[in-house]
Amino acid sequence: MRRRSSLALAICTALCASQLFAEPRAEPVAHFSWHPEYKYFGGVSGLEVTADGLRFVAVSDDGTLYRGNLTRDQDGLLEGATLVETIPLVIEDGTRPDPKRYRDMEGLALASDGVFHISAEHNSRILSYADAKGTPDAQQLPFVKTNTPKNVGYEAFAISPEGHFIVMREGSASIRTPFRIYQRATDGTWNTIYNLPRVGSFRPVGADFGPDGHLYVLTRGFNGFAFAAQIERVQFSNGKPVGHERLFAGEFGQFDNLEGISAWRDQQGKTRLVAISDDNFSRFQSTIIVEFELQE
């Protein structure tokens, strides 16, 4: 009996210790395929969710802005989404050029003054819209070499709590070269503030600052047959990055091509991350919305 008691105590101690020192993780708590009744819907690449987790703004890589609502059950669990408004965006010269690669919009960040900013990939720049139906201002992004492939531009884009633009390129020099996190200074210059290690084929495609002041980076991998997602948290202290940790490592084929991510805090004080997939306007892919709950 004494040996059994000792064994039970040891097991209990181990379980308690594992819970006490468990690493933080982002746990998927809800997901669904979204098929709004809009003929030209697809290609969603950037996402912003409001602070209450009930509304969203998204942008597609063909230059269309979507506004809508997120529906939840009585416990706050995400159940679905409703498309409320669709706005075809123009670029800085007031036109909507064809083909769509000339209006290739990827990252979305909503500023505190209501202006929303979009990082364009084909011709790298930031487009800033005070009015979604108006003509944006164009702002410079960090220099990209002319021989760089057009589809590895600045997809991950966020605005820090201090109001600084933060961007990451989808490409790096080699499989061993980390991804630079750039921050725009008040004089308009861009500086590298952190190097996020590269993990295999995974590349940064989305980013958002959470209510905790940390940067959540969505990375995507492709094995030739299916997509996978990972979520990294770059920890900030006094406005500067001090480290990073992996919160989620998905399996290939689990959630399709996740590209946009947005963070918010629920009424229980838990940080939640909403991610959305880009279906590439392909009948073989789907628009998936996933919500993660941060466990720590």
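Analyst: The chain averages a pLDDT of 88, and 89% of the residues score at least 70, where pLDDT is the predictor's confidence in each residue on a scale from 0 to 100. Over residues 1–21 the pLDDT is below 50, and beyond near neighbours in sequence this stretch has 0 contacts in the model, a contact being heavy atoms within 4.5 Å. This is a predicted model, in which local features need a pLDDT of at least 70 and side-chain atom pairs count only at pLDDT 80 or more, whereas totals for chains, interfaces and linings use all residues. Residues are numbered from 1 along each chain as its sequence is written, and side-chain values use heavy atoms, with hydrogens and water left out.

The open sheet consists of 4 strands in the order S14-S15-S16-S17, with antiparallel pairing; strands are DSSP runs (E, at least two residues) numbered from the N terminus, and two of them pair if DSSP finds at least two bridges between them. Strand S14 (203–209) and strand S17 (240–249) stand at the edges with a single partner strand each, so one side of each is left without a neighbour in the sheet. From one strand to the next, the twist averages 25°, with axes taken as lines fitted to C-alpha atoms and angles running from 0 to 180 degrees between N-to-C directions.

Strand S16 (residues 227–237) and S17 run antiparallel and are joined by 8 bridges, and Phe 236 stands opposite Pro 241 in S17.

Strand S17 also holds Glu 245, which is buried, with a relative accessible area of 18%; buried means under 20% relative accessible area, exposed over 50%, and partly exposed in between, using a 1.4 Å probe and protein chains only. The side chain of Glu 245 makes a polar contact of 2.6 Å with that of Arg 233 and another of 3.2 Å with that of Gln 235. A polar contact is a pair of N or O atoms within 3.5 Å; within protein, one must be able to donate a hydrogen and the other to accept it, and residues adjacent in sequence count only if both atoms are side-chain atoms. Leaving aside residues up to four places away in sequence, Glu 245 touches Pro 24, Ile 231, Glu 232, Arg 233 and Gln 235.
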